[in-house]
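Please walk me through this structure in plain terms.

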Amino acid sequence: MAFMRDGQHLISGGSDGLVNIFNAAFSKEDQALQSTCSVGSSINRVGSLSKRLMYACTDDNKCSVFLPNAPDDVDYLFMRNGTEGRFLVDALKGGVDERPVALVECDVEGTLYVRTVSKDGKHSEVVMEWKGHTDIVRSAAFNNHLLVTGGEDGKIVVKNVDLRPEGGKPEKKKEKKEDGKHISEKTKDRKEKKKDKKTGNPY
């Protein structure tokens, strides 16, 4: 189970393959149940990626992503298979709009992979890979770029994960050579303007 981002609605998933959304303000199940959708196989993890996305991971190594327009109106977006030979640990919010979902996977030797997925679920790319454990990883939690993983080796590993382009680093200013020196484009523009003032050319 996991709360949605509004803090009022609860997502649940079970071995029957059903994803339910409940309004926690109601005590009776009939009143609390807002919507139900099926992923077709036993669910081991559910969560909210953002106000606009929620997900369910299943025992057959698949991740289904949904768009909750409202608690009683949920659209199924796509289902993505995990990579063959790897265990699907969990799903994270992607770093950019074009890649809104990131899947955390591991192999039997404990190597972890973060794979970002496109909006339609058709394309994916491994953006991070590291040796965090010596055995299969079974659980993960993500908050503010920190990924905490726990494995069958008994270890808890904390990793800084940044899914933005180039790790969120600002782009470097383009530089050009002029008379053997490096100058920025802005410096060059200022020099051109000074020349125009001297010659009286307004452009």
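In which strand does Ser 12 lie? Ser 12 belongs to strand β2, residues 9–13; helices (H or I, at least four residues) and strands (E, at least two) are DSSP runs, numbered from the N terminus. The model is predicted, so to speak of local features needs pLDDT of at least 70, side-chain atom pairs count only at pLDDT 80 or more, and totals for chains, interfaces and linings use all residues. Residues are numbered from 1 along each chain as its sequence is written, and side-chain values use heavy atoms, with hydrogens and water left out.

Ser 12 has a relative accessibility of 11% and counts as buried; buried means under 20% relative accessible area, exposed over 50%, and partly exposed in between, with a 1.4 Å probe and protein chains only. Not counting residues up to four places away in sequence, Ser 12 touches Met 1, Leu 18, Val 19, Asn 20, Phe 22 and Val 46, where contact means heavy atoms within 4.5 Å.

Gln 34 sits in strand β4, residues 33–38, and is partly exposed at 26% relative accessibility. With neighbours within four places in sequence left aside, its contacts are His 9, Ile 21, Phe 22, Asn 23, Pro 71 and Asp 72. Gln 34 and Asp 73 are 39 residues apart in sequence, and their C-alpha atoms are 8.4 Å apart in space.

The loop between β6 (54–58) and β7 (62–70) holds Asn 61. Asn 61 is not a glycine, yet it has a positive phi of about 65°. Most residues other than glycine have a negative phi. Asn 61 is also buried, with a relative accessible area of 18%.

Next come the nonpolar cores. A nonpolar core is a set of buried Ala, Val, Leu, Ile, Met, Phe, Trp, Tyr and Cys residues joined through side-chain atoms within 4.5 Å. The largest one has 15 residues, and Trp 130 and Leu 147 have the most contacts inside it. The elements that give two or more residues to this core are β9, β10 (99–106), β11 (111–117), β12 (124–131) and β13, and β10 gives the most, with 3 residues. Leu 147 is in contact with residues including Leu 92, Val 104, Trp 130 and Phe 142, leaving aside neighbours within four places in sequence. A second, separate core of 12 residues includes Leu 49, Leu 88, Ala 91 and Val 101.

What remains is the open space. On a 1 Å grid over the protein atoms alone, a pocket is an open set of points where a 1.4 Å probe fits, with protein on both sides within 12 Å along at least five of seven lines, and lining residues have an atom within 4 Å of a point. Grid points are joined across faces, edges and corners, and a volume is the space filled by probe spheres set on the points.

The largest pocket holds about 460 Å³. It is lined by 25 residues, and the closest to its centre are Arg 5, Leu 49, Leu 92, Lys 93 and Phe 142. β9 supplies the largest share of this lining, 6 residues. Domain 1 (1–81) and domain 2 (83–166) each give at least three residues to the lining; the domain bounds come from an automatic or database domain assignment.

The second largest pocket has about 230 Å³ of space. Among the residues lining it are Ser 50, Arg 52, Lys 93 and Lys 119. Here β9 gives the most to the lining, with 4 residues.
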